[in-house]
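Subject: Structure handed over, with notes on what was found

Dear colleague,

I am passing on the structure below, and I would be glad if you could look through it before reading the notes that follow it.

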Amino acid sequence: MTQSTTRLPRVRASELTGRGWLNTGGRDVTLAELRGKIVILDFWTFCCINCLHVLDELRALEEQHRDVLVIVGVHSPKFVHEADPVALAAAVERYEVHHPVLDDPDLTTWSAYTARAWPTLVVIDPEGYIVAQMAGEGHQHNVEVLVRDLVTEHEAKGTLHRGSGPYVPPEPTSGTLRFPAKALTLPGGNLLVADAGHHGLAELAPDGETLVRRIGSGERGLVDGGPDEARFSEPNGLCLVPDELRDRVGYDVLVADTVNHALRGVRLADGHVTTVAGTGEQYMVGAVDNVLAAAAAAAADAAPAAEGSDARADGAAGALPDARRHKLSSPWDVAWYAPLGVFVVAMAGNHTLWTFDAERGSVEHVAGTMNEGLLDGPLPDAWFAQPSGLAVGPDGRLWLADAETSALRWVEPGAGDAEGAGGMGGADGIGGVPGAAPTVHSAIGAGLFDFGHRDGAADQALLQHPLGVAVLPDGSVAVADTYNGAVRRYVPPAPDAAEGTVGEVTTLATGLAEPSGIVVLGPEDGGAGLSLLVVESAAHRLTRVALPAALAGEILDSGAHRTQRPVTELAAGEVRLDVVFTPAAGQKYDDRYGPSTRLKVASTPPDLLLDGAGDDVPLERVLRLNPDVAEGVLHVTAHAASCDADPAIEYPACHLNAQDWGVPVRLVDGGPATLTLPLHG
């Protein structure tokens, strides 16, 4: 099999230019003052789940090499809200970024380093030369090897300078809640809040302010046990277990423990926490070890737990249920789906929907191809983009906030009785019968690059990175329109409406600080109308919003926006696509389980590509671009697997590198006939 061996040219690193700096005590940082250090530039944007994965990958490396390594986050925003310096400062605090961050709202430094994807890592050696560029996630091992080799090389040359870097920690903040994510009402009237910034759960009195108790120690980690020793890592979604199921499964609330890539069960009587799904490691698209073999699971269950990561199930070694052997990827929300007796999981990390059967202890991937985008249709063929909020309507529709496409979408159940129905993604569908498979539909949203705040007809309405959704008693849907700081309402067409009729969108509330979850409450103080309890994540509070009895909303239009990134000019006709991947030192391509690489190419609009679309093994391909299509987006997905090259190693360590690119292109006369994308080069 032919592999790509192209190397990026060795060049001097460009200066770091932007609007300002965070985590530096208010001063600017230059590359000149970083000479003598290994520097990693992390191009990120805080909406991007892959970027958040990379932040987590870099934590241990940063602590281990803090005297020789400086990580610089270059924040290059996708959404308008992310260009707000106040919002960026909050995100740096929220995600515990412990290194300097350059605010690059105009993508100046992004362009200087020819970044084309979030996330992108650029490694600069102590002499100021770029030695590697990597797009996507899964590069933790590659970076570790490269840093170790650079330390050895430059210590021998005398060009490595040890000592502290420019990071200055911000002043700590305190409060009852810290970046709360979602909430629910408990049977007794209290509120349970996913207190993501405190890595735990907070139970509050019905006033939404008085703290009753905490569940979780407040330390980041994956530890089961009582409320004082259990650990979470940025939990988000919460769902009550149905009454009839609680005694059988042994817990009352299911929690989407996002950064732990796990589902946790919480027993309210004593606050005990149990891991019920996930291994604590991230599911990687295309990896061969996303489900632990029985022997590996038994060994993991029997082994002494590392500090901060004791999440073994009760019982004998090897007794792990199926769901505990499956890796998950940033579960963001959970919802009970009564027709099938399962929980639905919004798996934001790989753009899919899963189900979790609590009694059987099993999980199943049921919707989404794992490609990122907006594509409606049958569940197995649909594309999602960071599904982050779930709610089930009385008619069986499953509503979801699809964050990265700024979309409100729903899954239409198959027709017929749920009895005897198959899996959610099978031919029988959600509560359906054979031949009536469920399908995904979009109520609001146009794709990855279009967003804004626009009310009116749903096919013209716009949202901006929504994270939460709730169904109101009249069947309309409230949306936590996170980056617009608003609560929006979607009213579906009447059942007897003419074909082609679309729903209507209005605004119920504005001026909120990153609303991420909504709880529907009854009338306030016995009055008429409903009220919503809104989780204002960036304001660290719950806010009650009273709604009029008629549920009327405002019609607002604050304009439309489109993600602006530098456009790549290419020639019409034949263009060579070359994805650069070089295994790290001591590694080789891993082809033990089949081809070690995969390249998938598509385009928007589809007729931009006359030839070259589809899935194949080599990381290089000749595309034929349509001269009649002036511009569009090339969607490129690449995977490359590598493992230890030393034949003496009985169980070689293996790693999967993966990235999705959406490359805006414009066809021009005399444009380049080559497009190079660095997966690792």
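In this chain, residues 24 or more positions apart account for 61% of the contacts with a separation of 6 or more, where contact means heavy atoms within 4.5 Å. Please keep in mind that this is a predicted model, in which local features need pLDDT of at least 70 and side-chain atom pairs count only at pLDDT 80 or more, while totals for chains, interfaces and linings use all residues. Residues are numbered from 1 along each chain as its sequence is written, and side-chain values use heavy atoms, with hydrogens and water left out.

The chain holds six helices and 43 strands; helices (H or I, at least four residues) and strands (E, at least two) are DSSP runs, numbered from the N terminus. Of its 681 residues, 58% are buried, and here buried means under 20% relative accessible area, exposed means over 50%, and partly exposed lies in between, with a 1.4 Å probe and protein chains only.

H1 covers residues 49-64, and its 16 residues should span 22 Å at 1.5 Å a residue, which agrees with the 24 Å between its end C-alpha atoms; the expected span is 1.5 Å times one less than the number of residues.

Helix H4 (140-157) has 18 residues and reaches 26 Å from its first C-alpha to its last, close to the 26 Å expected at 1.5 Å a residue. Its buried residues include His141, Val143, Leu146, Leu150 and His154, and just after the helix Gly158 takes a positive phi of about 80°.

How many cavities of 30 Å³ or more does a search of the whole structure find? The search finds two. On a 1 Å grid over the protein atoms alone, a cavity is a set of points where a 1.4 Å probe fits but cannot get out, and lining residues have an atom within 4 Å of a point; grid points are joined across faces, edges and corners, and a volume is the space filled by probe spheres set on the points.

The largest cavity has a volume of about 40 Å³ and is lined by Leu55, Leu58, Arg59, Glu62, Ile71, Glu96, Val97, His98 and His99. H1 gives the largest share of this lining, four residues, and by class the lining has four nonpolar, two polar and three charged residues. In this scheme Ala, Val, Leu, Ile, Met, Phe, Trp, Tyr, Cys and Pro count as nonpolar, Asp, Glu, Lys and Arg as charged, and the others, Gly among them, as polar.

The second largest cavity, of about 30 Å³, is lined by Val54, Glu57, Leu58, Leu121, His139, Gln140 and Val143. H1 and H4 are the elements that give two or more residues to this lining, with the largest share, three residues, coming from H1.

The bond from Trp118 to Pro119 is cis, with omega near -5°, and Pro119 lies in the loop between helix H3 (108-112) and S5. Another cis bond joins Thr604 and Pro605, with omega about -5°, and Pro605 is found in the loop between strands S37 (597-604) and S38 (609-611).

His635 lies in strand S41 (residues 631-644) and is buried, because its relative accessible area is 16%. The C-alpha atoms of His635 and Ala602 are separated by 5.0 Å, although the two residues are 33 apart along the chain.

Finally, Phe179, in the loop between H4 and strand S7 (183-185), has a positive phi near 50° in a residue other than glycine, and it counts as buried at 2% relative accessibility.

With best wishes

Terms used:
On a 1 Å grid over the protein atoms alone, a cavity is a set of points where a 1.4 Å probe fits but cannot get out, and a pocket is an open set with protein on both sides within 12 Å along at least five of seven lines; lining residues have an atom within 4 Å of a point.
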